[in-house]
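Please examine the model shown below. The report that accompanies it is arranged by topic.

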Amino acid sequence: MIQTSGVIICLGYIFGLLFTAVPWGGVWILVLGIVGAIVFRRRTSPRQLDQKAENAGSKNKAVSNTWQTNSHPRIWLAAGLVGLLATVYFQWRVPQPDAKDISQFVPPGNSNNQEQLVIVRGEVASNPRLTRSQRGQFWLEATQIDEVKNENGSVGVPKGVTGKLYVTVPILQATGLYPSQQIAVTGILYKPKAASNPGGFDFQKFLKQEGTFAGLIGRQINVLDQERKWGWWQIRERIVRSQVRWLGIPEGPLVSAMVLGSKAVDLPYDIRDLFVQAGLAHALAASGFQTSLILSVILQLTRRAKKGTQFTLGFLALIIFLSLTGFQPAVLRAVIMGFAALVGLLLKRKVKQFGSLLLAATLLLVFNPLWIWDLGFQLSFLATLGLIVTVPPLVNRLAWLPPAIASLIAVPLAATLWTLPVQLFVFGVVPSYSLLLNVVSTPLISIISIGGIISALVGLIWTPAGSFLAAVLHYPTDWLIKLVEFFSKLPGNSVAVGSISSWQLLVIYALIILVWLVPWWQRRWWVANVMAIGLVFIPLWHSTNTLFRITVLESGTEPIVVVQDRGTVTVINSGDEGTGRFTILPFLQQQGVNQINWAIATDFQGNESNAWLELMQRLPIKNFYEYSPNPKNSIATQAIQQELQKYQGSYQPMAVGQAVKTGSIVVQLINDQLPILQLQILDQNWLLVGNVKSKEVQQLVKNGSLSRPQVLWCSPQSLKDLVIALQPQVAIASSANFDPKVLSELNQSKTKLFFTGRDGAIQWTPDGQFEAFIEAGENKSSIL
């Protein structure tokens, strides 16, 4: 049990790590500690405590002295100092590449865009997994690098290196690899990129959290060591094979993921995405439920044994489970709390769950302070906190229901209340039916988890028997998948409310904590709920109805433009399927967009695009305009038109010269031979120009078919000629690779240049200037 002083010190350390997001965060947390000491001293002085103790008697005096000792102003000051040291400790533990790190040997790019092949030798550090692009991925502890000198494959002098690499290779090359294996990978080294678009995935940040600063696109693998060293991965692999053998795919991997966690099992992405979108991601994360189940089974089987025997067996079971799941933060938290429960059992003392949760979080963050920003750790901690402090009062308020049903409702509701603000801050999306789905699916999840653990244990002893027991779970697992699919297909299955800001997040959690701790707010919990909902939706409503903004997304070679026009949204072009899923959708969700009013597909690069169907499966499109020079290759396939009919959307072919008015802008395709799209935005003329010759554009200007634009988008190959010919105020090119000589010449003109490959997405509002996303992100990060 942690006393009051321990709670304050632990909270000081945790808040100190959180304050690393604020400039001079350590100083601020120290100031808060000093303020806490002053406020506490003023509210209750030692003399007042002694006087109250004398008046109340010796028994109360002992209690008062205990509180005085636990809550002395010095404790608050100590907590401030601990928070200050936590910020220093965090910065000290932030990974940095050393002189021999493999990232230091990434060849710099050159003007010819030639890719330098290297051979990296090292040890496989993880089991291969399948990526969304159907390539094998694994981590490699690099020990040596050789540079390939020419096409004949001769190599230079090997260099010793350190560091971990994110490696992707063709799936057949990764088949059969296992941890601790010595291999040589021939491929191309690269440095990861930060997010280029609002809401986009920050690959650079992801790798840095793993202590990695470079990636390797592998082409060929040579195995140097065939010796199979023992590891926990072999047991994990035996369990997964046993359960997949008769259950098949995807049921088998799903059962294994619910037992060992999705990070330890290569679960198909379609199933993973399905559960995440429906709000059941926690079912795929091994954590508190599995540890509680394991301890319950162990204690029940050994209920007649001595306490020492129960403690030993429970301790071993938790260690084995932890090793199998791969030492994930959420599992570590659950296991530490399980250890605390076992210690309480051994000492015959009741362990306070809140104290054990706080102690577990502090120990984990001392071990690795970077986990404070790990989303899995945050959600696991908050969900467990909700179960501890919010489930009991919810069950009391649901006393009019049978206890089992009341608990069934209270558990997911409490976890949702505490985790939803973070989910809104990160993703900006609310799964509409998450609570109902959690209530309905809990019996199936319990049956599958219990059966999965039993079949895993039996499968380790005798594989056929484990496969047989896993096969019994076929129907419950199939029912669970169909149940999640059913809820995912319901209208409005997810609502994008936009990513909330830091101040909104802090105020919402302040309201939650007030309802938890202050009786006045407990009696007026509905007031806190109304305030929290207002904090989310009022800024969203105001922004939606007043914002006019143009965003040119960084998407490679095709111009993708999103127009937010006071509540209506226009999307011009969609790129390929990957662009739709990882660029457009995250951006629209972050902005709180739940419908595309106008979609314009121009087939700008002469290739059929596949992203519109991906977009329409998540967001309805009301008006779809399409131009394609080859109707047989039209991107408005039958499947897309069927999706449009679901939401009563209209499809219209787009003719050359036709003006399409979408809100405040007018879109027009200039001709059917040159890929030129003209946008009339308020009092500005924008041109999106494909791969055309400058002479052809100049001829259109002379003929009067094309007016000089204020804003130009073009490919980098045409940038110089088009800027000279059209003399726009702003020019946006679609690449980061450009000739320095050409850039120097263009900088002498009056045209302001942006390169989406370097600057990320480009945004413009009528009241402001053009703003580059990467530069704006750097400015904000310097403030926060």
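## Basis of the model

The model is predicted, so to speak of its local features requires pLDDT of at least 70, while side-chain atom pairs count only at pLDDT 80 or more and totals for chains, interfaces and linings use all residues. Residues are numbered from 1 along each chain as its sequence is written, and side-chain values use heavy atoms, with hydrogens and water left out.

## The seven-stranded sheet

An open sheet of mixed pairing is formed by seven strands in the order S16-S17-S18-S19-S20-S21-S22. Strands S16 (659–662) and S22 (752–755) each have a single partner strand and stand at the edges, so one side of each lacks a neighbour in the sheet. From one strand to the next, the twist averages 20°. Helices (H or I, at least four residues) and strands (E, at least two) are DSSP runs numbered from the N terminus; two strands pair if DSSP finds at least two bridges between them.

Strand S21 (residues 730–733) pairs with S22 in the parallel sense over four bridges, and alanine 733 has phenylalanine 755 in S22 as its bridge partner. Helix H28 (residues 719–726) lies across S19 (684–689), S20 (711–714), S21 and S22, and runs at about 155° to S20. Contact means heavy atoms within 4.5 Å. Axes are lines fitted to C-alpha atoms, for helices over the stretch in contact, and angles between N-to-C directions run from 0 to 180 degrees.

## The eight-stranded sheet

Eight strands, in the order S15-S14-S13-S12-S11-S10-S23-S24, form an open sheet with mixed pairing. Its edges are strand S15 (650–653) and strand S24 (771–772), each with a single partner strand, so one side of each is left without a neighbour in the sheet. Strand S23 (residues 762–764) and S24 pair in the antiparallel sense over two bridges, with isoleucine 762 partnered by alanine 772 in S24. Helix H24 (residues 577–590) packs on the sheet and touches S10 (548–553), S11 (560–565), S12 (568–572), S13 (596–601) and S23; its direction makes about 20° with that of S11.

## Pocket and cavity

The second largest pocket holds about 410 Å³ of space. Its lining comprises 18 residues, of which Ile294, Ala317, Phe321, Ile453 and Leu457 lie nearest the centre. Helix H18 (434–461) is among the elements that give two or more residues to this lining, and H18 gives the most, with six. By class, the lining has 18 nonpolar, no polar and no charged residues.

On a 1 Å grid over the protein atoms alone, a cavity is a set of points where a 1.4 Å probe fits but cannot get out; a pocket is an open set with protein on both sides within 12 Å along at least five of seven lines, and lining residues have an atom within 4 Å of a point. There are three cavities of 30 Å³ or more. The largest cavity has about 40 Å³ of space, and its lining includes Gln277, Tyr433 and Phe487. That lining has five nonpolar, four polar and no charged residues.

## Salt bridges and backbone

Seven salt bridges are found in the whole structure, each a side-chain nitrogen of Lys or Arg within 4 Å of a carboxyl oxygen of Asp or Glu. One joins arginine 241 and glutamate 237 (3.6 Å, N to O).

The peptide bond from isoleucine 249 to proline 250 is cis, with omega near 15°. Tryptophan 24 is not a glycine, yet has a positive phi of about 55°.

How values were computed
Grid points are joined across faces, edges and corners, and a volume is the space filled by probe spheres set on the points. Ala, Val, Leu, Ile, Met, Phe, Trp, Tyr, Cys and Pro count as nonpolar, Asp, Glu, Lys and Arg as charged, and the others, Gly among them, as polar.
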